[in-house]
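Okay, everyone, thanks for coming.

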Amino acid sequence: MSEFLQHAPSHRAVRVWIRHLVMYRTWFLAEWAGTLTEHALYLLAFGYGLGRFVPDMGGMPYAQFIGPGLVVSIAMWASSYEATYGAYSRMRIQHTYEGMLSAPLTVGDVVVGDLLWCASRSLIGAVLMLIVLAAFGLVGSFWAVAVLPVVFIEGFMFAGLGLIATAVAPSYAFFNFHYSLVVMPMFFFAGTFFPLEGLPDWMQTVSQAMPLTHAVVLSRGLIVHGHAPDAAWHFFMLSAFTLAFLAVACGLVGRRMLD
Amino acid sequence: MSELEFEVDGRGLAKSFGALKAVDGVDLRIRRGECYGILGPNGAGKTTTIKMLCGAAVPDAGTLRVIGIDAVAEGRRAREQMGIVPQESTLDSELTVYENLWVYAGYFGFSRRESRPRIEELLQFFQLREKWDSQIKTLSGGMKRRLLIARALIHRPRLLILDEPTTGLDPQARHLVWNRLRELRRQGLSILLTTHYMEEAAQLCDRIGVMDGGKFLVEGPPLALVRERVGEEVFEFRGVEAEPVLRVLDGLPFEPERMGDTLYLYCKSGAAVMDRLLDSGRRNFLRRPATLEDLFLRLTGRELRE
């Protein structure tokens, strides 16, 4: 217990977040251009290209169906990148974590600060994507803004998952596993591109176990209709995944950084 | 002397990695205002000892107090009182000198406004004032090292810990670092450093401890240790047979040591040895004062450590 308290996070985590924000100033334009273009292309290619042959899905035009899913997908990608490639560089290459731990910061401060930052990047990506959706007239309700806190929690959650991979990764190449086995399956099977209803039972079960699925349901409901079905349940699932990933990430990063 | 007068008070510290005993029952006491140097070959346990102080390694055994604070149980509080200078740069290379410092000051709870006068003062002291807006990647190795030390002092710690502070620096840069460290010591800061530069230890340290195999072999003021363990003077012979030299000097007090093609004679006073050598017609030797390097090599052996 005392060891846990030694590494517990505090308000100083915000200082770690500030450091990442100051760094972000030096390269944010490249990121905005890259990720945003990518997801706007998905919207155009699938929503309007493929959408011409898919007249209606889930009771709405195809572009409107996938748009909200892309908002939470962009959030997943942004935070996963930051928590894998970004955090690996901070942990192993630039010795950023080491520098922080030589100040009166704990492993918990460093981890929570990092995850807050990853969640912030999710938020930035999601806001940009929402603006694109609004420009295409795909936002149905003012309550679409309620998706932003959902995105923040979702980003924090995926950052925890990414940081777990980072803490055990022997090299950058390891992240191929994280992306092809964890991130990509969620991107395709969490209900962004097609409804999960009607899939074989086992696939539905797998999809329900994917954290992104809950974010997609909340996002689609909020952006299209201004409210989501079973919102409390999905919110609870997101929070549970978040806490679990956070605890494991703290433990593994501590093991990596301290002898 | 009461316990609190020790800035660092470590007793019976031990740390193993698997079967390797990196630190094997070490006592480490540093007095207020003292500069203490840990010397030792690679793998002697210097860095692990430092890591325990900084909270980056948890000792398997022993107690460790820094400024009276239990550094193992209350690492965060202990680090509030220490400035830590790592061996490798942990600066943010994309950020400027000023950004690096105010961001780091934030880790101690200082706002940007609060830290600014202190940053001015430190950059002045380390001759980096004109680098205020320069990105780290444009700085030389010596500047980065000075900046790392400046950063470690941002919160006015009572104890400064440096892991090999001048490794990889050119002589000018090294002398500037030594000069600044001596000034800090004069201002009353307690300093703990590791090094394998003997000159560094001789120039800076009030006391040294020579470490090998996870233990301290000897401890004390550098000059006194050299006198006591090596002697005052050393004669070096290169590429000669040992036997004839030793026969000429038969009966005089000295200690010989053979290493590769070189014969070393350590003695309290060289005058008698010198006379005897000159009488025998020998000129091909070097007479010099004994140094810390002799002490170090005598204690830790002359074989290569890798």
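Let's start with a question: how many of the 32 residues of H4(A) are buried? The count is 27 of the 32, so helix H4 of chain A is largely enclosed by the rest of the structure. "Buried" here means under 20% relative accessible area, "exposed" means over 50%, and "partly exposed" is in between, using a 1.4 Å probe and protein chains only.

Quick housekeeping. This is a predicted model, where local features need pLDDT of at least 70, side-chain atom pairs count only at pLDDT 80 or more, and totals for chains, interfaces and linings use all residues. Residues are numbered from 1 along each chain as its sequence is written, chains are lettered from A and ligands numbered from 1 in the order in which they are written, and side-chain values use heavy atoms, with hydrogens and water left out. Helices (H or I, at least four residues) and strands (E, at least two) are DSSP runs, numbered from the N terminus.

Back to H4(A). From its first C-alpha to its last, H4(A) reaches 44 Å, close to the 46 Å expected at 1.5 Å a residue; that expected span is 1.5 Å times one less than the number of residues. H4(A) bends by about 30° at A:Gly86. A bend at a residue is the angle between axes fitted to the seven residues ending there and the seven starting there. Just after H4(A) you'll find A:His95, with a positive phi of about 60°.

Now look at helix H8 of chain A, residues 175-189. H8(A) has 15 residues and reaches 20 Å, close to the 21 Å expected. It bends by about 30° at A:Val183, and a proline, A:Pro185, follows within four residues. Which residues of H8(A) are buried? They are A:Phe175, A:His178, A:Tyr179, A:Val183, A:Met186 and A:Phe187. Look at the spacing in that list: an α-helix has 3.6 residues a turn, so residues three or four places apart point the same way. The buried residues of H8(A) pack against helices H3, H4, H7 and H10 of chain A. After H8(A) comes A:Gly191, with a positive phi near 95°.

What joins H4(A) and H8(A)? Rings, for one thing. Rings of Phe, Tyr and Trp (its six-membered ring) pair if their centres lie within 6.5 Å; planes under 30 degrees apart count as stacked, over 60 as edge-to-face and the rest as tilted. By this rule there are 36 aromatic pairs over all chains. One of them is A:Trp77 with A:Tyr179, stacked at 5.9 Å centre to centre with 5° between the planes. That pair links distant parts of the chain, with A:Trp77 in H4 and A:Tyr179 in H8, 102 residues apart. A:Trp77 is buried, at 10% relative accessible area, and A:Tyr179 is buried too, at 9%.

A:Tyr179 also stacks with A:Tyr85, 6.0 Å centre to centre and 15° between the planes. Those two are 94 residues apart, again with one in H4 and one in H8 of chain A. A:Tyr85 is partly exposed, at 30%. Ring pairs link these residues into a cluster that includes A:Tyr42, A:Trp77, A:Tyr85, A:Tyr179 and A:Phe193.

Next, the nonpolar core. That's a set of buried Ala, Val, Leu, Ile, Met, Phe, Trp, Tyr and Cys residues joined through side-chain atoms within 4.5 Å. The largest has 140 residues, and those with the most contacts inside it include A:Leu212, A:Val253, B:Phe126 and B:Ile149. H4(A) gives the most to this core, with 15 residues. Contact means heavy atoms within 4.5 Å. Leaving aside neighbours within four places in sequence, B:Ile149 is in contact with residues including B:Val85, B:Phe126 and B:Leu160.

Last stop, chain B. It has 11 helices and 14 strands, and 53% of its 306 residues count as buried. B:Gln127, though, has a positive phi near 55°, in the loop between helices H4 and H5 of chain B. B:Glu164 has a positive phi near 50°, in the loop between strand S7 and helix H6 of chain B. Buried or exposed, which is B:Glu164? Buried, with a relative accessible area of 7%.
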